[in-house]
Structures are given as structure tokens and as C-alpha cells.
Amino acid sequence: MVNWTGETVIRPNDQLPAPLQTNLQWQYHLAMDTTRFRDELGYVEPIAESEALRQTIAWERENLTATHAEHVNHD
């Protein structure tokens, strides 16, 4: 995260808002390999990873700051 100085806090699932509650077993490492998908379907990203990241950060700064200003600190 770019210049983020916040704190990560772990909360039990039942203390999270309903949309964030999951039934994933986080003690296991999750990994995904998209090689087969890419090889069989010929998929390539429409834009470079660095540009996608730049656009994502710009969108989050514009949209999340407006709706969650009390939780966001970009300093």
C-alpha cells in the first residue's frame, strides 16, 4: 500500500460486518496458478500490471476517501 501508515487489526469473523465474513481457513496458504487458463485460452491482461495498479490506487483514493474519510489517512 502506498504510504499507508495505518494498523492492521485481526478480528474474529463474528465481529466483522456481514459482507466481510468468510468461511475460509486462513491457517492454510492459498495460491493460485493461472498458467493453464492462460495457455489454453490465450489470455493476456489488457493492460500492464503497473498501469493496472496505478489505476486501482487512483480509483481507491478518489472513491474510498469520499466514503470512508474517517478511516483513510493518505499522509
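Gln21 counts as partly exposed, because its relative accessibility is 37%. Please keep in mind that this is a predicted model.

**Around Gln21**
- You will find Gln21 in the segment before helix 1, which covers residues 35–41.
- Leaving aside residues up to four places away in sequence, Gln21 touches Asn13, Asp14 and Leu16.
- A polar atom of the Gln21 side chain lies 2.8 Å from the backbone oxygen of Leu16.

**Arg36 and Glu40**
- Side chains of opposite charge can pair when their charged atoms come close.
- Arg36 and Glu40 form a salt bridge, with 2.7 Å between the closest N and O atoms.
- These two residues are separated by about one helical turn, because they are four residues apart in helix 1.
- Arg36 counts as exposed at 62% relative accessibility, and Glu40 is exposed too, with a relative accessible area of 55%.

**Arg38 and Glu45**
- The side chains of Arg38 and Glu45 meet in a salt bridge at 2.5 Å, N to O.
- Arg38 is partly exposed, with a relative accessible area of 28%, while Glu45 counts as partly exposed at 42%.

**Glu51 and Arg54**
- Glu51 and Arg54 form a salt bridge whose closest N and O atoms are 2.7 Å apart.
- Both residues lie in helix 2 (residues 49–67), three residues apart, or about one turn of the helix.
- Arg54 is partly exposed, with a relative accessible area of 47%, and Glu51 counts as partly exposed at 28% relative accessibility.

Conventions:
Residues are numbered from 1 along each chain as its sequence is written. This is a predicted model: local features need pLDDT of at least 70, side-chain atom pairs count only at pLDDT 80 or more; totals for chains, interfaces and linings use all residues. Side-chain values use heavy atoms; hydrogens and water are left out. Buried means under 20% relative accessible area, exposed over 50%, partly exposed in between (1.4 Å probe, protein chains only). Contact means heavy atoms within 4.5 Å. A polar contact is a pair of N or O atoms within 3.5 Å; within protein, one must be able to donate a hydrogen and the other to accept it, and residues adjacent in sequence count only if both atoms are side-chain atoms. A salt bridge is a side-chain nitrogen of Lys or Arg within 4 Å of a carboxyl oxygen of Asp or Glu.
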